[in-house]
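Please look over the chain below before reading on.

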Amino acid sequence: ERDAASPKTAAAAASAARSAAAAISGQLSMGTNGTASINSIELLNKMLETKGDAGLMIHGDLDTNQDGNSIRPRYWSEEEDNKLRKAVEQYGAKHWKTIATFVPGRTHVQCLQRWNKVLKPGLLKGPWSREEDHLLRCLVEQSLQCLSTSPSKATADADADADADAD
């Protein structure tokens, strides 16, 4: 996809971006693995290109990782879901790093969340039934009653123990 800006705006944007890149380049430090800690300069210069009257053209995605691969969220395909189901069937719903190796392009966290929130058998989705709503209200009321009576009961028990000790 390409987005065009007016020539004046494009030239100003390109100039500002290159100035920022140059300013940043003086602050680069080498990481522990021997690579620069900021690699945005090369990416930025690749993405910014002035095209005469067309103005500034932006090439590629700003949402890319260091390898240049897109890191934008994407929908799960039926094929990925099937691979995830088979891997969980084989390894159980515990070994997510191993399972993720069977679903290329997905992390163990993505696989875990997809399984637990979408694919897990027996997962109930949708609105609660009237019976579930009623049960929840009853349990909350019971809990509130227990909380409101517990401190006074504990105080009464402590007073009774103190009276027995005094006798």
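Contact here means heavy atoms within 4.5 Å. Helices (H or I, at least four residues) and strands (E, at least two) are DSSP runs, numbered from the N terminus. This is a predicted model, in which local features need pLDDT of at least 70, side-chain atom pairs count only at pLDDT 80 or more, and totals for chains, interfaces and linings use all residues. Residues are numbered from 1 along each chain as its sequence is written, and side-chain values use heavy atoms, with hydrogens and water left out.

Start with helix 3, which covers residues 78-91. Its 14 residues reach 20 Å from the first C-alpha to the last, close to the 20 Å expected at 1.5 Å a residue; the expected span is 1.5 Å times one less than the number of residues. Glycine 92 follows helix 3 and has a positive phi, near 80°.

Which residues of helix 3 are buried? They are Glu80, Asp81, Leu84, Ala87 and Val88, where buried means under 20% relative accessible area, exposed over 50%, and partly exposed in between (1.4 Å probe, protein chains only). These residues lie on the same side of helix 3, because they cover an arc of only 130° around the axis, the arc being that of the directions from the helix axis to the C-beta atoms. An α-helix has 3.6 residues a turn, so residues three or four places apart point the same way. The buried residues of helix 3 pack against helix 4 (96-100) and helix 5 (108-119). Glu78, Glu79, Lys86, Glu89 and Gln90 are exposed on the other side of helix 3.

Aspartate 81, in helix 3, is buried, with a relative accessible area of 5%. Leaving aside neighbours within four places in sequence, aspartate 81 is in contact with Trp76, Arg114 and Leu119. Valine 103 is 22 residues from aspartate 81 in sequence, and the two are 8.5 Å apart in space, C-alpha to C-alpha.

Leucine 136 belongs to helix 6 (residues 130-166). Leucine 136 is partly exposed, with a relative accessible area of 41%.

Now take the whole chain. Its secondary structure comes to 6 helices and 2 strands, and along the sequence the pattern reads α-α-β-β-α-α-α-α. Of the 167 residues in the chain, 16% are buried. Among contacts between residues at least 6 apart in sequence, 40% join residues at least 24 apart.
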